[in-house]
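I opened this notebook page to record what I looked up in the structure, entry by entry.

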Amino acid sequence: MTASSSSKPVKQIHLAAHFPGVNNTTVWSDERSQSQIAFSSFRHFAQNAERGKFDFLFLAEGLRLRETRGLIHDLDVVGRPNTLAILAALAGVTSNIGLVGTLSSTFNEPYELSRQLATLDHLSGGRAGWNIVTTSDAFHGANFRRGKFLDLADRYSRAQEFFDVSSQLWDSWADDAIVADKASGEFARTSGLGLVDHHGPQFDVTGYATLPPSPQRHPVIVQAGDSPDGRDFATSSADVIFSRHADFDAGRAFYDDVKGRLDAVGRPRDSLKILPAATFILGDTHAEALERSREISRLQVSPQTAISFLEQVWNTDLSGYDVEGPLPEIDPVVTAEGGAKGRAYVHTDPVATANAWREQASAKGWSIRELVISFAAKHTFVGTPVFVAETINRHVQEDASDGFVIVGNTNPTGLDEFVDRVIPELQERGVYRTDYDEGATLHETLGLPAVAARSASTVAGAALVSA
Amino acid sequence: MSRAPFHLGIALDGAGWHPAAWRVDTARPAALFDADYWVSLVVEAQAAGVDLVTIEDSFGLQTNGYGAFELRGDEVRGRLDALLLANTIAALVPGIGIVPTVTTTHTEPFHTATGIQTLDHVSEGWAGWRVQVSGRSHEAAHVGRREIPALDPARTATGADEQQTALIRQLFGEAADAIEVARRLWDSWEDDAVIRDVPTGRFIDRDRLHYVDFEGENFSVKGPSIVPRSPQGQPVVFVLAHQRVPYELAVAQADIVGITPHSDEHLEQILGELGDAELRVERRVSDPLRVWAEAVVLIEDTREAAAAALAALDELHGAPYASDAVILADTAENVAAQLLRWQQAGVAGVRLRPARLPLDLERITRGVVPVLDETGALERPSDASTLRERLGFAPAANRYATARPETAELIESASR
């Protein structure tokens with residue numbers, strides 16, 4: 001046991017499985033790498049995660065293909081399915097695992113999206129989850145009706161209002177609204193259907209929802225933003241935070257901050273799970289794991305990828321540079337536009353970034369490729385299965401997290417080894433389920449409080465009118 | 001066979017198309033929101049060799065007609081999102097076309113196109129899209145983006161009411177744009193775009209991906225799709241149409257048009273109107289338009305029993321069931337005979353709407369299909385690997401692949 005204090009109850013670890021994404025960490029140049037779009041890949045990924053008793057699987061969202069310097073980025077995996085459609089398909093071939101999709105509150109409408117999430121919850125028997133994101137730039141907007149319209153400052157107010165309207169719709173049918181009594185001829189009790197009538201700065205929605213309450217009534221809400229606005233939204237409305245803070249000390253600081261915010265609003269501490277993203281590399285010995293980590297990081301940062309990372313800062317053609325040599329001496333070309341579109345890394349001050357990188361590389365004796373590996377191909381947990389299991393458990397028991405979102409490095413088999421070798425170690429330590437509870441919803445699997453039931457009197461018209 | 005190939009689709013909706021169908025003994029009204037119910041229906045259809053199923057949907061709670069929204073509890077109310085339901089079914093039932101209804105009026109064309117494309121990947125080539133517009137003002141209030149005055153099909157049919165004509169032109173114009181966007185997005189990746197070329201570090205050849213650059217009155221879409229080209233390339237587009245403007249949409253953009261003839265003369269008249277529409281509108285699809293007829297089907301062992309069953313349902317409903325399509329309440333043999341008459345009149349297939357589910361689906365699969373098979377009417381190549389192939393459509397050419405500069409240069413240099 002690695003639990004630090006004797007009086008504290010042992011926490012159960014929660015794990016999510018992240019489908020390999022469209023960035024450089026997903027290795028495609030390897031023979032194990034299969035189609036990024038064939039359903040067989042998704043089925044394998046989901047069924048393996050379910051074999052490992054993961055709480056949920058997690059999918060990112062594609063709104064537009066990434067670009068670098070005005071061209072479609074071609075060095076990483078490109079292309080993925082529609083998030084809701086593939087989750088609905090996976091609902092058919094899994095039985096217990098949660099199905100969490102990333103879906104924008106900017107490029108969707110609450111009436112439609114809340115209905116789709118309720119549909120997913122019905123189809124999966126209560127396993128739907130929604131990672132709310134607030135992407136809102138004109139680059140992604142170019143594929144959507146609303147185009148380039150949302151001020152940065154309105155992103156979270158729109159997300160909050162979107163969530164509030166969705167909640168009203170999910171809450172608008174009483175639990176017993178469907179009667180389906182053939183003899184009396186009453187299919188639905190109309191008194192159990194509330195009219196939603198919402199008028200706010202972002203949305204005007206008037207009407208009846210189209211579905212009776214789904215098994216969870218609300219999907220599990222996941223939030224990934226790290227800003228103060230993001231943390232506030234999570235505190236008020238989320239069930240899970242998908243965080244970036246897998247490092248132990250940073251994780252503890254974040255955990256303290258967020259759980260403190262929960263205390264302030266009177267929410268129980270365990271009603272919001274904090275799951276940082278984490279990668280892993282296994283070996284029979286520590287040395288073997290380190291060697292594999294080195295090999296895989298070089299697959300994750302090809303020579304072309306290393307140059308591309310630099311070009312996003314330098315904003316000019318650097319293809320003539322040797323990636324095994326030192327960083328360019330020339331300064332970045334500064335423009336208002338910047339280089340990369342549709343990706344997470346944004347360099348606000350290219351000259352400062354270039355200087356910092358040069359200093360770091362020369363201090364450590366790093367080549368271009370080694371520098372890029374140091375930030376773009378880092379592996380969170382590297383070691384034997386026992387080491388990785390114990391490290392994960394230590395993070396959880398000592399409140400640096402409630403578990404992790406595990407990201408494999410190949411599609412779709414990247415997590416097979418984790419399920420084969422790390423999961424049994426966690427189970428042996430009594431900190432991770434050996435099976436799902438029969439018929440459990442995702443709320444129940446995550447140990448979250450159930451969403452309140454609704455009777456006809458609580459859905460009656462006026463209760464749902466908001467201004 | 002000297003006859004043209006004939007195809008069979010089943011339209012799934014709730015407990016069946018008759019509003020009182022949920023009350024019959026065999027109905028499963030409490031299961032309408034469970035995946036299992038739908039999967040069992042599609043398994044039944046697939047086993048009988050039905051070519052495709054469609055799944056009804058609307059952008060709001062069901063209501064009768066196009067007037068003011070009426071909340072009533074004596075009919076089936078509530079519906080799963082058809083596109084998502086289709087994806088669940090597709091993951092479990094191979095080898096049958098799955099064609100969900102998605103409206104073009106309030107939805108994002110990009111999401112609809114990628115959702116249908118994903119369905120094509122999940123089903124490994126059996127996806128279609130039943131395109132619908134939303135002409136109900138209460139549905140517009142679900143989005144609050146614009147007001148839509150109530151559509152009145154009776155007044156739009158004559159073309160005399162200017163406001164109604166403008167409305168229907170607007171709704172169907174937007175639908176045409178949405179299909180155009182979808183078709184371009186479906187082609188926006190060439191089949192061989194993924195190259196995994198390790199020496200150059202490139203996963204894709206980006207010259208084989210294409211911006212669609214669509215700009216229309218209601219939306220603009222840049223592209224390319226986020227989804228690589230799907231097994232069919234172009235999933236099958238189905239449009240149900242009853243009058244001039246929808247006929248024009250079907251002629252321009254659909255693979256199959258569903259029509260609702262009520263008699264032989266009416267069928268002839270509709271085919272004539274479609275022919276006229278073909279003269280007015282440029283077709284943007286390479287295969288010729290297929291015409292399918294629609295009917296509500298209720299089957300009993302005798303014609304009298306079928307009439308009595310329909311009367312009993314009408315009695316429960318409190319009024320005769322009014323449908324846009326003809327209601328065939330009859331024996332399996334007589335229903336089959338009607339379908340064969342349509343085939344002889346030049347119709348390429350039917351979309352049958354079971355009055356009661358699962359009952360009339362089973363009576364079609366176990367009663368009507370065997371009769372049609374005896375006559376050899378149904379064309380069902382068992383080795384078809386996609387819905388397009390099953391229906392006899394040509395493999396979908398990619399509009400961008402054929403327009404590639406080097407292809408053009410090759411053609412040019414060859415002709416010099």
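**Entry 1: annotated positions in chain B**

I located Thr101(B) in strand β3 of chain B, which covers residues 97–103. The model I am reading is a predicted one. I counted 22 C-beta neighbours inside 10 Å of Thr101(B), so this residue is buried, the cut-off being 20 or more. Setting aside neighbours within four places in sequence, I listed the contacts of Thr101(B) as Thr54(B), Ile55(B), Glu56(B), Asp57(B), Ala82(B), Arg130(B) and Gln132(B).

I then consulted the UniProt annotation, from an unreviewed entry, which marks Asp57(B) and Thr101(B) as "binding site". The two positions are spread over 45 residues of sequence, yet they cluster in space, with a largest C-alpha distance of 5.5 Å.

I placed Asp57(B) in the loop that runs between β2 (52–55) and α2 (82–92) of chain B. Is Asp57(B) buried or exposed? I recorded Asp57(B) as buried, because 22 C-beta neighbours lie inside 10 Å. Not counting residues up to four places away in sequence, Asp57(B) touches Arg79(B), Asp81(B), Ala82(B), Pro100(B), Thr101(B) and Val102(B).

**Entry 2: confidence**

For chain B I noted a mean pLDDT of 93, with 96% of its residues at 70 or more. For the complex, the predictor gives an ipTM of 0.96 and a pTM of 0.96.

**Entry 3: contact between the chains**

How many residues of chain A are in contact with chain B? I recorded 63 residues of chain A in contact with 61 residues of chain B. On the chain A side, the elements that each supply at least two residues are β4 (71–72), α2 (83–93), α3 (110–123), β8 (186–188), β10 (204–207) and α9 (303–314). By class, I noted 34 nonpolar, 18 polar and 11 charged residues on this side of chain A.

**Entry 4: domains of chain A**

I found chain A divided into domain 1, made of 14–285 + 381–466, and domain 2, made of 302–376. Their centres, taken over C-alpha atoms, are 33 Å apart. The contact between them takes 9 residues from domain 1 and 12 residues from domain 2 of chain A. On the domain 1 side, β3 (67–68) and α4 (138–141) of chain A give two or more residues. I classed that side of domain 1 as 2 nonpolar, 3 polar and 4 charged residues.

Methods: Residues are numbered from 1 along each chain as its sequence is written. Chains are lettered from A and ligands numbered from 1 in the order in which they are written. This is a predicted model: local features need pLDDT of at least 70, side-chain atom pairs count only at pLDDT 80 or more; totals for chains, interfaces and linings use all residues. Domain bounds come from an automatic or database domain assignment. Two residues are in contact if their C-beta atoms, placed from the backbone, lie within 7 Å. Helices (H or I, at least four residues) and strands (E, at least two) are DSSP runs, numbered from the N terminus. Ala, Val, Leu, Ile, Met, Phe, Trp, Tyr, Cys and Pro count as nonpolar, Asp, Glu, Lys and Arg as charged, and the others, Gly among them, as polar. pLDDT is the predictor's confidence in each residue, from 0 to 100. UniProt positions are given in the numbering used here, feature names are shortened, and annotations may be inferred rather than shown by experiment. A residue is buried if 20 or more other C-beta atoms lie within 10 Å of its own, exposed if 12 or fewer, and partly exposed in between; C-beta atoms are placed from the backbone.
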